[in-house]
Number of protein chains: 4
Amino acid sequence: MARNLIGKNLVIGSFGESHGEGIGVFIDGFPANFFVDLEKIQLALNRRKPGQNQYTTSRNESDKLEILSGLFENKTIGSPIVFFIRNNDSKSKDYDNLKDVYRPGHADATYDLKYGHRDHRGGGRSSARITAGWVAAGALAMQYLVKFNIQCRAWVQQIHTIRIAQSVEFPSINDIDSSPVRCPDANTSQQIEAFLDTLKETGDTAGGVIHCSVQNLPAGVGEPIFGKLQAIIGQYLLNINAVKGISYGDGFNSVLRTGSENNDTFIGLQENALLTSSNHSGGSIGGISNGMPVEIDVAFKPTSSILSAQNTINTQGESTTIKIDGRHDPCVLPRAVPIVESMVALAIMDLLLENKNHE
Amino acid sequence: MARNLIGKNLVIGSFGESHGEGIGVFIDGFPANFFVDLEKIQLALNRRKPGQNQYTTSRNESDKLEILSGLFENKTIGSPIVFFIRNNDSKSKDYDNLKDVYRPGHADATYDLKYGHRDHRGGGRSSARITAGWVAAGALAMQYLVKFNIQCRAWVQQIHTIRIAQSVEFPSINDIDSSPVRCPDANTSQQIEAFLDTLKETGDTAGGVIHCSVQNLPAGVGEPIFGKLQAIIGQYLLNINAVKGISYGDGFNSVLRTGSENNDTFIGLQENALLTSSNHSGGSIGGISNGMPVEIDVAFKPTSSILSAQNTINTQGESTTIKIDGRHDPCVLPRAVPIVESMVALAIMDLLLENKNHE
Amino acid sequence: MARNLIGKNLVIGSFGESHGEGIGVFIDGFPANFFVDLEKIQLALNRRKPGQNQYTTSRNESDKLEILSGLFENKTIGSPIVFFIRNNDSKSKDYDNLKDVYRPGHADATYDLKYGHRDHRGGGRSSARITAGWVAAGALAMQYLVKFNIQCRAWVQQIHTIRIAQSVEFPSINDIDSSPVRCPDANTSQQIEAFLDTLKETGDTAGGVIHCSVQNLPAGVGEPIFGKLQAIIGQYLLNINAVKGISYGDGFNSVLRTGSENNDTFIGLQENALLTSSNHSGGSIGGISNGMPVEIDVAFKPTSSILSAQNTINTQGESTTIKIDGRHDPCVLPRAVPIVESMVALAIMDLLLENKNHE
Amino acid sequence: MARNLIGKNLVIGSFGESHGEGIGVFIDGFPANFFVDLEKIQLALNRRKPGQNQYTTSRNESDKLEILSGLFENKTIGSPIVFFIRNNDSKSKDYDNLKDVYRPGHADATYDLKYGHRDHRGGGRSSARITAGWVAAGALAMQYLVKFNIQCRAWVQQIHTIRIAQSVEFPSINDIDSSPVRCPDANTSQQIEAFLDTLKETGDTAGGVIHCSVQNLPAGVGEPIFGKLQAIIGQYLLNINAVKGISYGDGFNSVLRTGSENNDTFIGLQENALLTSSNHSGGSIGGISNGMPVEIDVAFKPTSSILSAQNTINTQGESTTIKIDGRHDPCVLPRAVPIVESMVALAIMDLLLENKNHE
């Protein structure tokens with residue numbers, strides 16, 4: 001399959017560019033005869049859209065959902081579901097000075113090297129605006145998962161060096177969204193806000209870690225050998241712009257324990273779940289969900305669009321300097337929360353549909 | 001595609017079980033008319049096989065390569081290349097006591113929950129012995145990559161809390177293999193050996209981090225939007241048994257820097273590469289290789305087969321204890337080095353073949 | 001891959017419904033940096049669109065091409081190319097009486113049995129209007145093929161019992177389109193026109209055979225074992241509405257000859273082609289093109305929308321009668337000519353991109 | 001997916017060569033925990049194997065089934081099922097004179113043009129011996145289909161100009177196999193036998209038509225838009241060596257009727273089936289099964305290995321003559337009957353697994 005598509009049973013195709021007609025998503029394989037709550041999808045888009053508050057770019061997009069295919073009387077009919085989100089406030093002129101200069105950390109240069117031609121306006125296809133489509137698709141997938149009582153929830157765990165000290169109980173969306181930086185621990189949130197206020201003044205950016213937790217995933221989801229739960233989820237998450245690492249359960253910290261310390265003791269067996277005394281594994285064994293919560297950490301680098309002048313090269317390879325003027329987020333993590341949730345939901349739904357294929 | 005297959009242009013199918021006839025790999029899409037050095041593939045298998053030294057399981061397998069398809073006069077002819085490695089020293093009896101009890105941390109229970117039936121002998125299909133086929137396929141892919149001067153090299157960076165303090169220059173295979181734990185820093189290697197000697201006495205196990213570096217990958221490899229270099233490599237690596245996290249470049253540490261500190265400054269442009277003053281990104285921007293080395297960290301949990309008695313449940317969900325007697329590695333990382341190398345090579349070759357598809 | 005997508009290297013996703021927002025096509029894998037002549041794509045759509053002349057439905061659609069993604073300054077940039085064609089003259093009211101009754105020969109009943117829910121307006125997703133997207137995609141593919149001097153050309157060979165007696169030389173588009181029924185043999189065309197004039201009066205419909213010829217396809221295209229040239233082309237053609245059979249070269253007539261009569265004698269060898277004294281095989285041997293013209297016949301059944309009253313059942317399974325009032329073609333073959341051409345072009349381009357994957 | 005693989009939910013990989021180690025098949029996606037009757041698979045192989053009677057090649061192969069993966073205690077466990085059939089009586093020497101000369105009608109030349117290298121012994125990978133693996137896989141699929149009461153049955157309908165005059169009732173395997181040419185109509189069989197006896201004396205070959213009928217396929221199988229029942233079945237059948245055409249229901253003959261004559265009148269509705277007064281469509285409408293029998297015709301050209309001297313070219317393109325001495329079938333259709341059955345069964349099982357993916 002060509003690489004703007006992902007998934008086997010639920011195939012997601014991502015199209016559009018930051019400063020073209022708009023952003024869209026093509027969804028194939030979604031079960032027919034399913035009632036879709038379009039308002040919930042719009043709400044998910046609103047969580048990702050620019051201009052939400054002082055920590056997000058001032059680009060003004062309504063990100064209004066259009067349906068081009070797949071629904072009749074609000075129910076799916078088996079044709080691909082195609083959502084489209086038009087670009088309105090695309091100030092292409094802001095980018096005229098970027099046509100011949102490569103922004104450090106941006107994909108301008110690698111796109112030119114690869115394709116010999118690019119849409120230089122606002123990153124074109126490499127812009128994270130493409131994720132609007134993913135969020136719409138993910139919000140649809142979540143409506144499906146909820147029918148099985150499966151919940152995907154993501155939140156900001158860490159920005160720069162500030163992180164939630166103690167593990168949080170599975171928070172509600174309200175717990176998360178009542179923080180302007182989507183960190184459900186009030187104290188940590190305030191520290192992050194203060195940090196970002198300062199950072200914004202300098203025009204610099206920060207990265208961080210988003211945690212995603214999946215509750216009530218039944219045991220048996222994930223396909224060895226090459227469709228392991230963590231591999232499929234990872235494939236989706238590692239396509240998100242600025243992600244530099246992911247881990248499951250105790251992740252890189254599990255390295256610091258011995259096997260006798262790290263093994264999760266089995267303490268019970270239910271129809272669709274194992275019970276374990278601890279959850280170091282983060283909900284999967286041998287690539288298959290075990291019924292315990294799936295716990296995922298996603299590391300985002302600080303994004304590259306800083307406002308101070310930087311040394312770089314132009315398209316001829318000559319040294320020059322650049323000062324980026326467009327509208328950018330000091331920290332993308334608050335807006336990336338629904339993106340992470342969506343990608344996890346899409347990965348899990350893809351595997352869940354597969355799961356029917358057994359005697 | 002069903003999930004025992006991976007790849008788009010170079011498709012790898014993995015088959016066999018730990019205690020069945022043997023382990024095999026089905027390789028489709030490898031270019032025809034390519035001379036294969038079978039001895040090199042056998043050497044790669046030897047790096048992975050059990051019984052290499054005191055830190056590996058004593059299972060005695062020659063892991064001799066058989067060719068079932070795809071070669072004529074040692075050249076590929078376009079049919080799938082199928083390698084097969086027979087099981088010889090499979091002591092199935094060792095596992096009779098495991099038929100009705102779930103080993104903590106092992107996939108016995110999740111396989112039963114998923115499939116309703118499993119081969120309980122030595123983990124059956126969930127055994128890491130399956131990776132013998134991947135290593136054979138990877139060794140073949142590396143012969144292809146070398147024609148383009150691309151080098152994949154992995155080594156042990158950390159075991160438990162012991163890690164290489166300073167970054168190492170790209171080591172030779174000899175640098176790596178002269179250490180019995182495949183750690184090319186002599187001082188660190190000795191500490192790890194001492195640690196594992198002690199650990200072995202207690203029957204416990206350790207995890208760690210394997211680092212993989214890819215040199216001379218030309219710019220332009222990797223397919224946005226959903227075939228990003230890090231997503232495709234990640235998909236392969238996250239299917240390796242016991243892997244709990246992966247990261248690229250500075251990975252989770254990049255979180256601790258601001259954008260102005262983290263951006264790699266462009267300092268030059270070549271036909272197939274960008275030059276950057278630093279390599280925080282680990283060789284890719286926007287999901288596309290930029291010509292700088294690709295740097296990957298892979299976290300392995302300590303494996304689950306410890307020799308002390310453990311509490312667990314049986315297949316009826318009742319509490320019991322278990323003592324595992326089979327032959328196991330105190331630390332799988334030395335043997336996992338060729339596995340990591342192979343999975344990275346397979347991912348990169350898959351993308352490299354794609355790369356021809358442009359004007 | 002879910003089944004509204006087709007292709008491996010060039011993936012085509014088909015979306016939309018007859019009486020929804022419109023019809024679209026998602027094209028992934030098309031090479032970047034390729035200049036697209038949009039006017040030629042519009043011309044192809046015009047050949048398929050309704051209301052062309054007395055032999056086509058009077059539905060009045062401009063079928064104007066919109067571009068939602070993939071082009072910048074009229075050149076491809078690597079994002080999926082998405083074309084959209086809005087529905088304008090969709091008289092949904094015409095179909096109100098069809099909500100609860102199954103039209104004989106139509107997919108109403110099978111869709112209900114499969115999905116439990118359908119868009120009953122004009123066939124919804126089962127309408128051949130969906131092929132507008134395929135024609136747009138095919139017209140794009142043909143621009144790519146022409147760069148390699150490859151020509152796909154289809155025409156009406158037979159309607160009902162009237163067929164071109166002698167084989168025709170590869171006709172020009174003008175030869176074909178100067179006939180209102182797209183039959184390049186003037187005498188046969190006139191007979192067909194007279195037949196259709198009569199048929200139209202009775203409200204009945206006719207089927208026929210479309211022939212497609214591909215010139216200058218180099219030898220070596222097609223992938224054994226399961227991507228044989230005829231299998232891939234067949235997969236595309238057999239998805240066209242109303243197609244009931246396809247054949248290559250002498251097809252079903254080759255049965256009537258012995259091997260000694262049927263073998264094409266090799267008489268020369270060029271860089272990209274074999275020369276054979278005859279072309280019974282229709283341009284492929286062993287599933288691989290041999291450089292001779294590819295010759296394909298496609299059989300279309302007479303379409304089901306006849307105007308006379310018919311016995312049928314309603315959605316409850318009860319006997320009833322139906323009289324269909326919508327606007328329909330007495331014979332779809334003239335409009336199906338660009339569809340056949342498009343599907344063949346898409347199949348061949350998919351294989352041609354694959355063809356680069358060899359040493 | 002690379003092209004030695006076919007299928008989405010049930011993926012079949014075909015490997016091996018006529019004169020290499022053997023022929024194999026890799027089967028991924030088959031449901032776990034399914035009891036396999038291996039004897040039935042061997043019986044299917046016996047129906048395809050050479051040396052059955054006077055109408056088949058005298059190559060003497062036992063075609064004994066080996067199982068390399070996927071079964072434990074005769075039940076599937078979720079790993080790929082890999083069957084292997086060793087080559088025993090491969091007289092490579094017979095082919096030494098073919099190394100530098102192209103056999104008319106054979107794929108020698110197109111393989112050389114495509115791959116630049118080939119296994120010239122007995123056709124190597126292009127040999128129909130590859131279908132042994134397909135038959136093993138198909139026999140497995142049929143065991144799955146039978147659980148749903150679905151029956152695939154194929155037989156010889158026509159050889160050269162001799163065909164069954166009247167349509168036959170769905171015959172038993174015994175009806176078919178009691179004829180040495182697998183034609184269940186005794187009178188026609190005798191005529192064919194007499195014809196082949198004569199043909200054999202001249203060393204010539206004959207083609208024909210195999211008919212395949214699928215009984216009890218429930219309504220709802222087949223995936224619009226691009227996974228139509230006829231397209232998926234066609235993709236499988238058109239990969240069989242020597243097939244030049246396929247058709248469904250009345251196929252090319254439906255062209256000769258008008259819509260009012262061709263429409264199948266709906267006369268009843270059951271839970272999983274429509275009842276129609278006729279079955280011109282051959283069991284599908286809109287690409288979806290309707291519950292009526294699926295009727296398929298497959299045209300085979302006369303195979304190319306005739307014994308008389310033929311004009312041809314050598315690998316340098318120079319004129320020469322060739323006389324083929326190997327062991328060949330005067331007519332491959334009797335042995336192709338289980339191949340057709342297998343390919344149809346594999347296609348239908350692939351779609352049937354898909355069919356679970358609906359609400």
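Predicted model: local features only at pLDDT ≥ 70, side-chain atom pairs only at ≥ 80, totals over all residues.

Three residues, Arg3(B), Phe226(B) and Lys244(B), supply 13% of the area that chain B buries against chain A, which is more than any other three residues supply.

What polar and charged interactions cross the interface of chain B and chain A? Six salt bridges are found there, one of them between the side chains of Glu223(B) and Lys114(A), where the N to O distance is 2.8 Å. The interface of chain B and chain A also holds 44 residue pairs in polar contact, counted with both residues at pLDDT 80 or more.

The relation between the copies can be considered next. In general, two copies of a chain are related by a rotation about an axis and a shift along it. Chain B is superposed on chain A by a rotation of 180 degrees with 0.0 Å of shift along its axis, and the RMSD is 0.0 Å; that is the relation of a two-fold axis. The contact residues of chain B recur in chain A to the extent of 100%, and the same surface serves both copies. Of the residues of chain B, Gln235(B) comes closest to the rotation axis, with its C-alpha at 2.6 Å.

Chain B also meets chain D, in a contact that takes 44 residues from chain D and 44 residues from chain B. Here about 3300 Å² is buried between the two chains, with 63% of the area on carbon and sulfur atoms. On the side of chain D, the residues that lose the most area to chain B are Leu68(D), Phe72(D) and His117(D), which together account for 20% of what that side buries.

How many salt bridges are there between chain D and chain B? The count is zero, while 17 residue pairs are in polar contact across the interface of chain D and chain B, again with both residues at pLDDT 80 or more. The elements of chain D that give two or more residues to the side that touches chain B are strand 2 (11-16), strand 3 (22-28), strand 4 (65-69), strand 5 (71-72), strand 6 (75-76) and strand 7 (81-86). Among these elements, strand 2 of chain D gives the most, with five residues. The side of chain D that touches chain B divides by class into 16 nonpolar, 16 polar and 12 charged residues.

Chain D is superposed on chain B by a rotation of 180 degrees with 0.0 Å of shift along its axis, at an RMSD of 0.0 Å. Because 100% of the interface residues of chain D are also interface residues in chain B, the copies meet through the same surface.

Notes
Residues numbered from 1 in each chain as written. Chains lettered and ligands numbered in written order. Heavy atoms only, no water. Buried area = accessible area lost by both parts, 1.4 Å probe. Salt bridge = Lys/Arg side-chain N within 4 Å of Asp/Glu carboxyl O. Polar contact = N/O pair within 3.5 Å; in protein donor to acceptor, adjacent residues only side chain to side chain. Least-squares fit on C-alpha atoms with pLDDT ≥ 70 in both. Contact = heavy atoms within 4.5 Å. Helix = DSSP H or I, 4+ residues; strand = E, 2+ residues; numbered from the N terminus. Nonpolar A, V, L, I, M, F, W, Y, C, P; charged D, E, K, R; others polar.
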